[in-house]
Each structure stands twice: as C-alpha cells, then as structure tokens.
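Here's a quick tour of salt bridges, an interface and a sheet. Have the coordinates open as you read.

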Amino acid sequence: MARTRSNPAKTVTKESTPEPTPSTIKPLPTSTANPPKLFVLPKNTSTDARIVTLDNPANGTPSRYYFCPANGFYEFTRIAAPKKDCRSWLLTGEKSEYGNTNTSAEEQSTRIGSGYITNSADLLIATPIDTLFLILPALAPKSAKDMKQHFLAFDDYLDMLASSSSHWKALLSQCPTLKTMVEKRMCVICDTVDAGLETMYRISTSKLLDVLVKKAERMVQHGLPPSLEEKFIKTALDVPVLNIKREESTLSATSITETGTTDGGADKDSTTTSTESQISLETTITTPTDDFDIPLKPTLATPPEILHLLRLRTSLTYLSTSYLPTSFLPSITSALKPRFTPLETHLAAITTLKSEAFALRSISDNMSRKRSIEEDDDRVAEREQKKRKKEEEDKKKKQEGRGIKQLKKVDTSGMKKMSSFFTKVAKKA
Amino acid sequence: MLEARLEQANVLKKVVEAIKDLVQDCNFDCNDSGIALQAMDNSHVALVSMLLSSAAFAPYRCDRNIALGINLGSLTKVLKAAGTEDWLTIKAEDAPDVVNLVFETKDADRISEYDIKLMDIDQEHLGIPETDYAATITMPSVEFQRICRDLSALSESVSIECSKEGVKFACQGDIGSGSVFLKQIEKVDKPNETVKIEMTEPVSLTFSLKYLVNFCKATGLSGTVQLSLSSEVPLLVQYDLQDQSYLRFYLAPKIGDEE
C-alpha cells in the first residue's frame, strides 16, 4: 500500500497538500517550469549582494557567482545526490527570504509559504572565491605569442573586464568597493611600475605562482578532502606487492579510466550547469589533475616529503585546472616542475613496478588459462609420455617385493655405500 | 649358447627366493666357471653375490659369456611352477632375447617349459677382494635367523661383539634392550650345531637388523652360516652351497651414531 502511494508522489512535483482525505478532491498543482532552488548563502552579506553571471576563469564559460560588495565574490558548488537516489527537498515558508532573492518571482514567497517539494535534491552552496581568479582572464596575455605583455593602467584592465561581460560593467559602476578590491588583488600578482600619477600593472607569473603555492600549502595543511586524498594520494603511492600483483594492477587500471571519465563528465557538467543556473559541480572537486593524474602509484616506503609534495601538487593541479585560464597553465606547470622532480622520480619508479607487476600478472594469467588448441598436440604427446612413464613406475613398484619395500624404510644413515668398500670393475664382456 | 642342468630345481628356487627381496632385477653372468650373480640393494648399502659353480650342474655348457638380465619377480613366478625335486634345465642362445627353463619330473613323465623375456640391466660390477677378516663366526643358520628375528622386534640395529669367549648380539630399543650370547661350542655329532669362532682380534660392529633379517631368507639353503667381521669393512654373511657354490651377502656397518 505504502509503496504504491509513494511512487506517484515522487514523480509529480506537488505542493505538500494536507493529508489527502478521500472526501476533499483537490487537484495537485502542476509543477512549475522554474522550480525554486535551495541555496546556502553566506551570513552577514550586505543587502546589495546579488547573483551575477561572470566568465568562469578556467574555461571562459559564463557562470553564476554570488557577489557581496563588502565580502567579495562567492562561487556556487552544487551538491547533488546520485542520480539513482530519488531524493527531494521539502521546503517550508518560514525561511523564505533566501528563496526570494534567488528566484525573482514575487509570488514565490507565497508558494513557498505553503510548503514546497522540489524534484531535484540539489543544494547550492556559496563559497568564497578569490577575486583574483575572476580578474585573471583580463590580465592574461591575449595569445601565447605576446607573453611579454605591456604594462597597462588599472583602468585599462577595468575596461577589459567591463567589456568581457555586462555584469562586470554594472558591478564596477555600481560598486565603488569592487574597484579597490580588484586593485588590491592585482597588486599581489602583478609587477607594477609607477608612471607619473598612475600605477601600471602587468601580470607576473612568478607572483601568481607564489599565491597559488601559498593557497595550495594552506589546502594541504588543512588536509585534502578525503575524496582527493583517496584518489590522488593513496592510490598514487600504492606500491604493487609483486606476489599479489593481480589486485594491484586492476586497481591502477580502474583508477585511470575513472579519472578519464570524470574529467570529461566534469567539463560537460560545468558548461551545462553554468548556462542553466550557475556553479561548478560537486564533481569538479574530484576533476583536477589533468596532467599528472595517470601515474598515481603509492609506495610503502614513501618518504614524508614525497607525500607532502604529492599533496601539494594535487592541490595545485586542482587550483590551476579549476580557476586558472588555460593560457597560464603551460607557464605555471613548467615553473613548478623543478619543485616536483623528486616526486616525479618516485612516481616513475612506482610506475615501473606496477608495469612489472602487470606483466607478471598477464603471464600467470596465461598459465592458468586453458591451453589453446595449437599446443594441444605437443601437450598431449608430452602428457602421454609422462603418463606412460608413471604407469611403468607404478607397475614396477607393484612388482616390488614386500621385502624390498621394507628395506626402503630402513634408516641407512651411518652406513656407507658398497662402492666405498669395493672398487668398481669394468664388466667382462 | 648356454645349457645347464640342475639336479634339483629347489636350489635355484631357494636362491632366488632369498635374494628377490633384496634386489629386483639382476644379471646372471654365465661363463664356463658357472653362473654368477652380483647385485646391490636400492640404497647400495648391501650387496649379494652368488655363484652356482659349473660343478653344480650336470651337464654344464657355456660357449660364451652371457649376461641374462632377469627380473627376479618374473623368475620367481616361473620357478613356482617347478616341483622341488624336478630337474631344471636353463637354456639360452648366445645373444638371447629369452631364457628358456625346462622342468622335468624325475621320471621324465612331465616336461614343462617356460621362456622368460630378458632385459638389459645396466649394473655396476664391484670387484670384491679376498679379505682376511678379524673374526669369522660359523654358526647354525637357524640360530642366526632366530637371533636376528628376536632382536629385530626390539631394535633397528644390532651390535655384534666377538671375543674369545663367544659372540654377543646386543641391541637397544625403545622398549628396552636385549642380547644373545653364544659360546663357542663344538658338537662333533651334530656339526650343524657347532658354534666356531676364528679370530685374530676382538671386533664389535653394529648392523641394521632389517637387512640381516632379509639375508636370513637364505637360511634354508644351508645348515650353517659364516659371519665374517673386520672393523671398517662390510660384514660378510655367507651361506655355502654344494659343489663350491655359495651365496654371500655383504652389509655396510653402521658407523658413528651408535645410540
């Protein structure tokens, strides 16, 4: 009974109606085209805070950000239940202010007020994002060629930002605080030159790198999220046990394929979500490490500095793939390389170990497999011969007298062989 | 070609019976002096040497030296078909594939004939020098057999101590120990019961009882047995047959780990 009733409830998005009594016939309202979404927004934001659409620094696609003139930018992270799990949110009216701000329709407060069940159990969480990352696209060299950029005035950069999206333009004009915010962050990552009254800026890769490394260090210090830790640290440093290599190598195989799929999936996800709502997906969290991902093999005797390096690199990779414009990636990666040389050698060693283990595995696999048809003749002959030999021996054994068998059991230790007493003679013909 | 007739099939029967529990296959080397056999057991600590001299056969004819490789189990089977009193004739070609055995009853009423396939046996042949033993004991074969049997119930090995007074067979086992002492005694009327010791110096050696018991299967061949001992050389157990024929067993002494 309960089952049949709950099924339709899930498929139809409906207002939480009072207990459906058979007497009162109340049709369910049709599901709205623009259902409310559930957000977790930061506290203490100013009333001017709003959701804006800006270009995602990493992939240039328009994405939603939450902007507060006082506190800066927030990015949205969607936490979604796995597709197979049928989950939904029950929203009731009391805390309806947030619902209001998100979804512009006025009457929604009343809608929520009576309670609402959303079809999708997504939760959108706003987390602070460094303004730095959002202005990076403007600072980035326009093409790979003009790496030697010119110093530009601050206003030129602002113009560039404003031209990139209308929301930037609006924000910059409406919010005086934003300008100072942007300038402060720019100072951190730019070389500056004073030209008269004006200060000129140019992006500095090394400064940017310092900022990134600092962020990464902090991330490592607090401990990587378990999913990252498990996938990129633990698995990567697993040293295959040569005796049991089978397990090991399957593991490595799956981890590789996994990374591949999540990468692709994440990209797709982020584009679709950004157009439709905003946000980088929960999946993006695990995406990172495009370039380093594959050779992630762990180690028994992993020196602690290697562990630290790997964590650092993982978080750096995560940061750069999630927030850096692609044009920065090559220079950043190459600048980081020397720092990670010991890690590379360690990982390479593990990779060789793994491949060895894999090779061994395939050998042993082959042996355990049924013999192929072509070997059959040889094998059969061989076995026949063995069998015959064995039969002969068995026969001989059977013929052996009881006395001979008993003598075999005699402990002959301490007894020398006859040949040590008597000399051998060539047999007379 | 070989043709040798034995007046009593029994002799060969008993010889084969005595050694078939020590060796499986062996070569019967036939030459004009007779039929000889030498073989070692599987662990090469014991050796059996037999000679049926040509004098034991009537007639005996052997043109060339022939080695007849025979499985003793097969030979036993065939010999079972022979009556104890039957005449036994052994025949073989010069380069034989088979050995032919003919059993005739005394009155020649019944003649049975068997062929045994021969086998190529690659065996070491050891030269056994004439040895002057420190002690030689002659005693009734039945007595020796009994001593070996009795002591083997207690232990794996027996020490044979020979002195002027007599010979002592002693053993120690898990359940206890035992010994048999035989004094030198001469019985003129019953020479088979005589215990005679000829020695130049006292000897004491230890031997595996299982092997000795095995040797004792030859007891039926002779009323007396000779044990010849010298330290550091194999024990010789000899059963004398008629007409300078003999059956000899050699057994390596146990050295070192005497319990």
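A salt bridge here is a side-chain nitrogen of Lys or Arg within 4 Å of a carboxyl oxygen of Asp or Glu. By that rule, Asp63(B) and Arg61(B) make one, with their closest N and O atoms 3.1 Å apart.

Some bookkeeping: this is a predicted model, where local features need pLDDT of at least 70, side-chain atom pairs count only at pLDDT 80 or more, and totals for chains, interfaces and linings use all residues. Residues are numbered from 1 along each chain as its sequence is written, chains are lettered from A in the order in which they are written, and side-chain values use heavy atoms, with hydrogens and water left out.

**Salt bridges**

Over all chains there are 17 salt bridges, among them these:

| Pair | N to O distance |
|---|---|
| Asp130(A) and Arg185(A) | 2.6 Å |
| Lys215(A) and Asp130(A) | 2.8 Å |
| Glu124(B) and Lys424(A) | 3.0 Å |

Helices (H or I, at least four residues) and strands (E, at least two) are DSSP runs, numbered from the N terminus. Lys215(A) belongs to helix α8 (residues 205-221) of chain A and Asp130(A) to the loop between β7 and α4 of chain A, 85 residues apart. How buried are they? Buried means under 20% relative accessible area, exposed over 50%, and partly exposed in between (1.4 Å probe, protein chains only). Asp130(A) is buried at 15% and Lys215(A) is buried at 19%, while Arg185(A) is partly exposed at 24%.

Over in chain B, Glu17(B), Lys20(B), Asp21(B) and Lys217(B) are linked in a salt-bridge network.

**Where the chains meet**

Contact means heavy atoms within 4.5 Å. The interface takes 40 residues from chain B and 27 residues from chain A. About 2800 Å² is buried between the two chains, with 61% of it from carbon and sulfur atoms; buried area is the accessible area (1.4 Å probe) that two parts lose on being put together, summed over both. Gln24(B), His125(B) and Leu126(B) supply 18% of what chain B buries against chain A, more than any other three residues. How many salt bridges cross this interface? The rule finds one, and Glu124(B) with Lys424(A) is a salt bridge between these chains.

**A sheet in chain B**

Two strands pair if DSSP finds at least two bridges between them. Chain B has an open, antiparallel sheet of four strands, ordered β14-β13-β12-β16. Its edge strands are β14 (177-183) and β16 (203-208), each pairing on one side only. Six bridges join β12(B) (residues 157-162) to β16(B), and Ser157(B) stands opposite Ser208(B) in β16(B).
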